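The briefing is meant to be read slowly, with each point checked against the picture.

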Amino acid sequence: MSSQPGSATISRLTLWQRWEHGLMALSVSLLILSGLALAYHEQAWARLLIRGMGGLQGRHWIHRTAAVGLLGAGLLHLLGLIFSRRHRRDFREVRPRLGDFEDAWRGLKFAFTGKGEPPQYGWFTPMQKLQYWGVLLGCVLMGISGALLWNPVLTLNTFPKWVLDIMLVLHATEAQFIFVLFILWHLYDVHVAGGNFPMNPAWLTGNMSEELFARQHPASGKTLRSREEA
Amino acid sequence: MLKLNRNPLPLIQGSHGERSREAVPGKARNGQALSVALSIIVFGAVFFVAAPRLSAADAGSPSGSLDCAPCHGGGQSAVTPETLKGSVHASLGCTRCHADITSVPHAERLSAVDCGSCHSAEATGWHKSPHAVRPGAPTCVGCHGTHSIHPLRPGNNSSIKLQIAQLCKDCHGKEFGSYETSVHAKALARGLGEAATCTDCHGEHTIQGPESAGSPVAPASVSSTCGNCHGDKKRMAMSGLPTDRVSTFKSSFHAAALKMGNLKAATCASCHGAHDILASTDPASRTNPANLPTTCSHCHAGVKQGFAGVKIHVDVSPTGARAAWFVRVFYIVFISILVLGFVLHILAERLGAIRNRATVPHEAPSGKEDVQ
């Protein structure tokens with residue numbers, strides 16, 4: 001697709017953002033693998049995973065190292081926002097607007113009934129915005145609960161036990177939420193949906209084809225021009 | 001303290017001397033092979049002398065066809081109907097157990113009675129136990145007695161259960177000492193036959209300590225052993241105890257670590273003790289809130305007094321840890337909606353792709369972009 005010779009491309013992600021995404025993807029994958037293995041330790045597949053990680057102690061360190069990795073990705077994100085004007089522009093684009101709900105509704109209506117106009121998505125689709133804010137909220141929730149579970153003795157010395165009980169449930173259930181939304185759903189979107197098959201190359205090259213971009217983000221022409229002018 | 005009647009039921013009648021005449025389950029011990037051989041020679045000789053008096057060994061009545069009474073009717077070696085009264089073996093003939101007696105008078109030394117010839121499962125179990133390999137450890141008669149052998153099905157009979165503990169005390173005095181004041185022994189003394197005695201946790205014939213793998217009190221299996229009673233609604237209702245202690249333990253990190261082979265992880269006994277289990281309301285209990293910091297400190301350094309009063313065995317349910325339960329329910333609903341949304345999203349996306357192709361077919365001139 002975008003690799004077709006002569007086809008124009010659109011820059012979607014900076015090198016910084018691609019490293020940020022790569023570090024996050026690696027950390028989250030490791031976190032989910034090592035985390036679900038513990039949550040489902042009664043299952044044979046989970047025990048196989050734990051053995052593969054070098055037993056409970058190995059699993060323990062993989063999970064914590066990956067947690068630090070995710071924290072690092074968060075830090076990269078923050079630094080990018082501070083130092084790059086382009087990152088700040090992206091952040092302004094990803095802010096939710098009331099129009100997003102309208103767009104999403106129009107998209108669903110068009111898909112199922114064929115009535116009305118196909119949705120006119122901008123630089124980010126409503127789904128992409130939802131995923132961004134979901135990731136952010138997920139990281140905050142997992143970060144807080146994970147930090148409290150990191151040293152249970154310190155937590156129990158400081159807080160009542162029900163705090164730890166809630167954090168334990170929160171950490172395990174939010175993990176499964178993340179697994180469905182950010183792994184299954186996101187992978188579907190970037191590898192299958194909207195003509196992305198076999199994948200949208202932006203996470204590696206930073207670019208996607210202009211033709212595909214115009215199809216997925218038809219209303220972004222204006223913002224694109226303003227981006228180029230800026 | 002308990003006042004245990006030493007022998008309210010004649011589980012063991014007779015002196016230590018009688019008990020020391022061992023009955024070995026299964027095969028006779030090697031050391032006794034010589035005496036068996038000697039016995040055969042003696043019996044051979046007797047057979048020729050007393051052949052007219054002998055018929056086949058009979059198992060019909062205590063005396064059988066051999067007349068045991070002239071020698072054993074009284075005195076030091078008496079085995080009378082009085083001795084056998086109430087014995088489960090009262091109807092068996094002497095030679096049913098003393099199978100090596102084929103004539104009288106018999107050899108001075110008889111070979112050991114082979115209880116395993118009838119009670120093979122029990123004998124096999126005993127052979128697997130540490131008792132089988134330790135010299136001086138009890139054999140069948142050590143616990144069951146000899147002629148006056150009584151049915152030993154404790155069921156929920158508290159007095160039999162207490163006697164079992166008394167039997168073990170002979171060798172395991174230290175363990176009995178701590179058991180004696182435990183909730184289990186106290187409950188038995190109150191007549192609550194549901195409470196545990198030694199064999200309830202360690203097993204009966206295959207009695208084992210925590211160090212033997214596969215033992216009911218080994219770290220990997222002890223929680224299931226405790227669960228036999230502490231997960232049983234009927235039994236726990238008798239003492240007003242909760243039934244979720246083992247299930248809540250099994251969902252804990254301690255249980256996960258145990259299951260993955262970390263035998264240092266806490267089991268029931270690590271916190272509650274083993275023989276000396278006390279109610280958490282008892283100030284001397286390891287699980288009394290005031291003592292929890294000390295108990296947890298065995299593994300977790302730095303536990304402060306603030307730890308006290310925490311509920312360890314929490315059940316994430318509307319009646320247990322309600323806030324955590326609410327969080328879980330919230331997520332279950334949320335994740336279900338999310339999965340539905342995902343399905344809807346895929347459907348919409350596929351339908352949308354089809355419609356897009358129908359409305360703007362010329363957009364993909366090469367047809368290559370229209371990948372399904």
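What follows goes from the model as a whole to single residues.

This is a predicted model, and its scores are ipTM 0.83 and pTM 0.75. Chain B, which takes up much of this briefing, has 18 helices and zero strands.

**Confidence in chain B**

- The mean pLDDT of chain B is 79, and 76% of its residues reach a value of 70 or more.
- In residues 27-31 of chain B the pLDDT is below 50, and this stretch has six contacts in the model beyond near neighbours in sequence.
- The pLDDT is also below 50 over residues 361-372 of chain B, a stretch with seven contacts beyond near neighbours in sequence.
- Where pLDDT is low, the predicted coordinates should not be read in detail.

**Overall build of chain B**

- Of the 372 residues that make up chain B, 25% count as buried.

**Where the two chains touch**

**Nonpolar cores**

- The largest nonpolar core holds 30 residues, and the members that touch the most other members are Ala165(B), Cys226(B) and Ala257(B).
- Both chains take part in this core, with at least two residues supplied by each of α1 (15-39) of chain A and α8 (158-169), α10 (183-189), α11 (198-202), α12 (222-230), α14 (245-250) and α15 of chain B.
- A second, separate core has 13 residues, including Leu156(A), Val316(B), Ala321(B) and Ala324(B).

**Cys226(B) and Cys268(B)**

- Once its neighbours within four places in sequence are left aside, Cys226(B) is in contact with Val246(B) and Cys268(B).
- Cys268(B) is placed in helix α16 of chain B, which covers residues 268-272.
- Is Cys268(B) buried or exposed? Cys268(B) counts as buried because it has 22 C-beta neighbours inside 10 Å, where 20 or more are required.
- With its neighbours within four places in sequence again left aside, Cys268(B) is in contact with Val222(B), Ser223(B), Cys226(B) and Phe249(B).
- Between Cys268(B) and Ser239(B), which are 29 residues apart in sequence, the distance in space is 19 Å from C-alpha to C-alpha.

**Two prolines in loops**

- Pro242(B) lies in the loop between α13 (233-239) and α14 of chain B.
- Is Pro242(B) buried or exposed? Pro242(B) counts as exposed because it has 11 C-beta neighbours inside 10 Å, and a residue with 12 or fewer falls into that class.
- The C-alpha atoms of Pro242(B) and Gly231(B) are separated by 8.2 Å, although these residues are eleven residues apart along the chain.
- In chain A, Pro198(A) is found in the loop between α8 (161-191) and α9 (202-205), and the peptide bond that leads from Phe197(A) to Pro198(A) is cis, with omega near 0°.
- As background to that last point, most peptide bonds are trans.

Conventions. Residues numbered from 1 in each chain as written. Chains lettered and ligands numbered in written order. Predicted model: local features only at pLDDT ≥ 70, side-chain atom pairs only at ≥ 80, totals over all residues. Core = buried A, V, L, I, M, F, W, Y, C linked by C-beta atoms within 7 Å. Helix = DSSP H or I, 4+ residues; strand = E, 2+ residues; numbered from the N terminus. Contact = placed C-beta atoms within 7 Å. pLDDT = per-residue confidence, 0-100.
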